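Please look through the aromatic contacts and the nonpolar surface of the structure shown here.

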Amino acid sequence: VPARLPARLPLSRHFTDKDIVAFRSDWKGDESVLLFKCGPHGGHKALQQYPQCIAGGHMAPDAGSLLLFAHGERLIGDGGYAKKYTAYRNTVLVNGIGQTGECDGTPTSEWFECSDLRREKRGPSLLRVDLDRPIEYLIGQVAPAYKPEARLTRFLRHLFYLRPDTWVLIDELTAEIPS
């Protein structure tokens, strides 16, 4: 692959296998950068091809999460290398219930466990990604990442980006019971 200066790369990029989108204001070195994650933990290809966990529990219950660096500061982080709880990420709990695979609270459960997701071929995904426009936009369907007991039927996370550093986040949630 021929080398290219960063200034020639696009400001936004959709990494389709893991459904991660990166938005940046520019390539000057003082840019604002937002990352949004809404794909299966090992990626769409791995979810379809491998029945076993391919990452050894080193993933997190973070579907629908985002990271934001702007104005020289990390404004929204990812919870670091802590126990794998949805509550430690910047996504939603439904009546205190998090995403499938998170720690169950027992002393032996520190890692992410994705066997249910793999067996069921279930994972979140991006439904729409519109980049390289004056207002960039995406929609993530996050509900498939959640434990069945959440009874969540819909969790759409909409993200709008207006350069250089304005983001609008809108969540739509629907559950089978009042939540």
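The paragraphs below take up the aromatic rings and then a surface patch.

This is a predicted model, in which local features need pLDDT of at least 70 and side-chain atom pairs count only at pLDDT 80 or more, while totals for chains, interfaces and linings use all residues. Residues are numbered from 1 along each chain as its sequence is written, and side-chain values use heavy atoms, with hydrogens and water left out.

Five aromatic pairs are found when the whole structure is searched, a pair being two rings of Phe, Tyr or Trp (its six-membered ring) with centres within 6.5 Å, called stacked if the planes are under 30 degrees apart, edge-to-face if over 60 and tilted for the rest. The ring centres of Phe23 and Tyr161 lie 5.5 Å apart with the planes at 65°, so this pair is edge-to-face. The pair links distant parts of the chain, 138 residues apart, with Phe23 in strand β2 (residues 20–24) and Tyr161 in strand β8 (residues 152–162); strands are DSSP runs of E with at least two residues, numbered from the N terminus. Phe23 is buried at a relative accessible area of 1%, and Tyr161 is buried at 0%, where buried means under 20%, exposed over 50% and partly exposed in between (1.4 Å probe, protein chains only). Together with Trp167, Phe23 and Tyr161 form one aromatic cluster.

On the surface, Ile135 belongs to a nonpolar patch that also holds Leu162, Val168 and Ile170. Ile135 lies in strand β7 (residues 135–141), and its 44% relative accessibility is why Ile135 counts as partly exposed.

Terms used. Patches are made of residues with over 30% relative accessible area and no salt bridge: like charges are joined within 9 Å, nonpolar side chains (Val, Leu, Ile, Met, Phe, Trp, Tyr) within 5 Å. Accessible areas come from the Shrake-Rupley method with a 1.4 Å probe; for residues, only the protein chains shown count as cover. A salt bridge is a side-chain nitrogen of Lys or Arg within 4 Å of a carboxyl oxygen of Asp or Glu. Helices (H or I, at least four residues) and strands (E, at least two) are DSSP runs, numbered from the N terminus.
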